[in-house]
Amino acid sequence: MTVVLETRRLQRNFGAFMATNDVSLQIEQGARHALIGPNGAGKTTFINLLAGVRPVSSGQIFLEGKDITTLPSHVRVKKGLTRTFQINQLFADYTPLETVTLAMLEREGVGGSLWSKVTGHGALVDEAAALLSRFRLAAVMDERTDRLPYGKQRLLEIALAFAAKPRVLLLDEPAAGVPEDERHEVLQIVSDLPSGVTVVLIEHDMDLVFSFASRISVLVAGAIFAEGTVQEIAANPGVRAVYLGEAA
Amino acid sequence: MSLMAQGAIRPAAEDQAEQARARRLLQRRSAIRFFEVIIWIAAVVAIFLLPSKMLILTEIAILALFAVSLDLVLGFAGIVSLGHTAFFGVGAYAAGLFARHVVAEPVIGLIVAGAVAGVLGFATSFLILRGSDLTRLMTTLGIALMLAEIANQMAWLTGGADGLSGFSLDPIVGLFPFDLWGRNGYVYCLAVLFISTMIARRIAFSPFGLSLKAIKSNPTRAALVGIPARRRLIITYTIAAIMAGFAGALLTQTTSFVSPDVLAFHRSADVLLILVIGGTGYLYGGIFGAVGFTLLKDWLSVVTPQYWMFWIGLLLVVLVLVGRERLAHWIEYMPQRLSRLREGGR
C-alpha cells in the first residue's frame, strides 16, 4: 500500500501549551482512518495543521510524497487535500447550487475568469446538480444556505469539500449537532464516500467510528497515545482507561 | 448498495430535470432585471425632457460611477475603504494635466487617467491586504490624506490650493464639443457610466464575481475550496481604482478645472454614504444612491442652507437603525418573485 498522507514529528504550540505534540502518522491510500480522543486532545488542531488553516510550529507534512508543510490551504486543495469543519463554515447567503458550482469552477481553474458567465460553464453546472442530488440536496438547491435545516447544512459541508474532487478528505465530526432524525442521512453519505478517496475522520460517535474506520489513532494531550486496527484499539486496555472507559 | 452507485443508476430523466433546473436557476441569477431597464431608459429620456438639468444630471452620473466602483470593493470584495477618493482625485489630476500638457481630446485623457489610477490601485492594494477592517480603514484614509497633501504641496504641477486650471477640452472624439448647457457632457458621462457598469456587471456574474462574495462571506472556507483570495482582491481593487479614476477624469473634463477638493476626505465619506443609501453588492445601489443623495443634498441646501448636513446625517442614522436591507429589499426581490412564479409553473 502506498502512503498518501504523512506527518513527521509534527508540533504546534500555543504559548506553553502543546496542542499537537510530536505526531508522526502515516495514512494509506484509500484508508478510512479515524482520529479519536477525549475533548481537548488536539484533534481539530491536527486537522487544521494538515489542511493549512494554521501554520505548524515544527515538523513536516507530506502529501503523496511531497512536502506541503508551508503551502497555503488553497494550494493544498488544488493538490487534492481538503477538509470539512466541525461547525459549519459555509457561505451563508449563497444557495447550495451556487456554493457547489463555485467550488467546481475553482477546481477546474476557471474561478478567476472575469469575462465568462457562470452559466457558460454548463458541464460544471450539470455536475453540480448531479452532486447535489447525490448528497440529497437537490430539493433545496435554491434555498439560502443559512436557512437550511442543520442536517442539510452538514450535508452541504461535506458536498462542498467533495466538489473539489479531493484525494484526501478530512472530516471534522461530520455528524456533530445533527438532530437524531436527520442523522442517518449524514452517516449514510459518509459511509458511501467512494473508496478511492482517503478519508480521515474525527468523531466522538463510537458507533460511527467502529462501523466506518479501518484504522484508528488515539490522540491524548496532543500526542499519539495508541494506533492500530479497530480490533486492536477496542482491545487496548490503556485506551479503554483514558477514553472508552470514560465514554462507557 | 452504495449511494454513489444509486446515483449512477438513477433514472436519467430525473438527473436531467435537476440539471436543467440548476442551469435555469443560475441563469436567473444574472438575468437583466426590470429596474435596470427602467433606470437606463430614464437616464436617456432625461436628455430630451430635462434640458435645463444637465449639470446636476452630469454630477449624478459622475458620482454614480464613483459609487459603483466603490461597490466592487465594498459590496463584492468586502473591503471597507475610507480613502476611495484617492483614485478619484488622482484620475481628476491626471486628466487635467494630460489635457493641459499633452492632448486635449477627452476620451484619450479618460483612458490615461484610468490607467494612472489603476497603477496606484494596484500598488496600494498590497497594503490593504494586510490586517483587519479597522487597519484597512486607517490605511485607505492615510493614503488619501497623503495624496491630498502631496497635491497641495506640489503647487508647480497641480496649482496647489488654487486648483488646476488653464486648460480646455477638445470636442469628444473630435466631433462633439462640450456645450454651454452641458448636454454633450452629460451624454458623454452617461456613456462612460453605462459601459463601466456593464463591465462591472459582467464581472459580478462571472466565476470571478462569484468567488469574491464567497471570500467576503467566509475567507477561511473560501481558501478551502481553492480560491486564491489575495490575487482576487488585488485584481478587484485595481479595477475599482480604474473606474474611480474614470469618474475623477469626467469631473475634470466637464468642468475644465481640478479643485484640490477632489482628494478631500468628505468625498470618500460621501461615496460611502451613497452606498449606505442605495445598498451594496448589486452595483445599482451606487446609481440609486447617487440619485437620492444628490437630489436630497440639492433640495436640502436650498431649503435649509445652513443645516443641510444635519439632515443628511440624520438620514444616515435612520438608515443604519432601520436597516437599509429592509428598505432596499423590494428592489432585489421583485424580479425574483416574478421568476419564482414562472419556476413554480413549469
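Entry 1. I began with residues 109-129 of chain B, where the chain is 95% helix and 0% strand, with the end C-alpha atoms 30 Å apart. I note that this is a predicted model. I then looked up the UniProt record, an unreviewed entry, which places the feature "transmembrane region" at residues 109-129 of chain B, and also at 31-50, 56-79, 86-103, 185-212, 233-251, 271-295 and 307-324. I checked residues 271-295 of chain B as well: this stretch is 80% helix and 0% strand, and its end C-alpha atoms are 14 Å apart.

**Entry 2. Helix 4 of chain B.** I turned to helix 4 of chain B, which runs over residues 54-76 and has 23 residues. From first to last C-alpha I find a reach of 31 Å, close to the 33 Å expected at 1.5 Å a residue. I located a kink of about 30° in this helix, centred on B:Leu70. Helix 4 of chain B is mostly covered, with 21 of its 23 residues buried. Just after the helix, I recorded a positive phi of about 75° at B:Gly78.

**Entry 3. The largest nonpolar core.** I asked which residues of the largest nonpolar core touch the most other members. Within its 169 residues, they are A:Leu132, A:Ala159 and B:Leu65. Helix 4 of chain B contributes the largest share of this core, at 16 residues. I listed the contacts of A:Leu132, leaving out residues up to four places away in sequence: A:Pro96, A:Leu97, A:Val100, A:Leu137, A:Ala138, A:Met141 and A:Ala159.

**Entry 4. Contact between the chains.** I counted 33 residues from chain B and 50 residues from chain A in the contact. On the side of chain B that touches chain A, at least two residues each come from helix 1 (3-9), helix 2 (12-29), helix 9 (183-204), helix 10 (207-217) and helix 11 (219-224) of chain B. Helix 2 of chain B gives the most, with eight residues. By class, I find 16 nonpolar, 11 polar and six charged residues on this side of chain B.

**Entry 5. A:Gly30.** I found A:Gly30 in the loop between strand 2 (17-28) and strand 3 (32-36) of chain A. A:Gly30 counts as partly exposed because it has 16 C-beta neighbours inside 10 Å, whereas a buried residue needs 20 or more. Its contacts, again without residues up to four places away in sequence, are A:Ser195, A:Gly196 and A:Thr198. I also compared its position with that of A:Leu132: A:Gly30 and A:Leu132 are 102 residues apart in sequence and 23 Å apart in space, C-alpha to C-alpha.

Notes:
Residues numbered from 1 in each chain as written. Chains lettered and ligands numbered in written order. Predicted model: local features only at pLDDT ≥ 70, side-chain atom pairs only at ≥ 80, totals over all residues. Helix = DSSP H or I, 4+ residues; strand = E, 2+ residues; numbered from the N terminus. Expected span 1.5 Å × (residues − 1). Bend = angle between axes of the 7 residues up to and from the residue. Buried ≥ 20, exposed ≤ 12 C-beta atoms within 10 Å, placed from the backbone. UniProt positions renumbered as here; feature names shortened; annotations may be inferred. Contact = placed C-beta atoms within 7 Å. Nonpolar A, V, L, I, M, F, W, Y, C, P; charged D, E, K, R; others polar. Core = buried A, V, L, I, M, F, W, Y, C linked by C-beta atoms within 7 Å.
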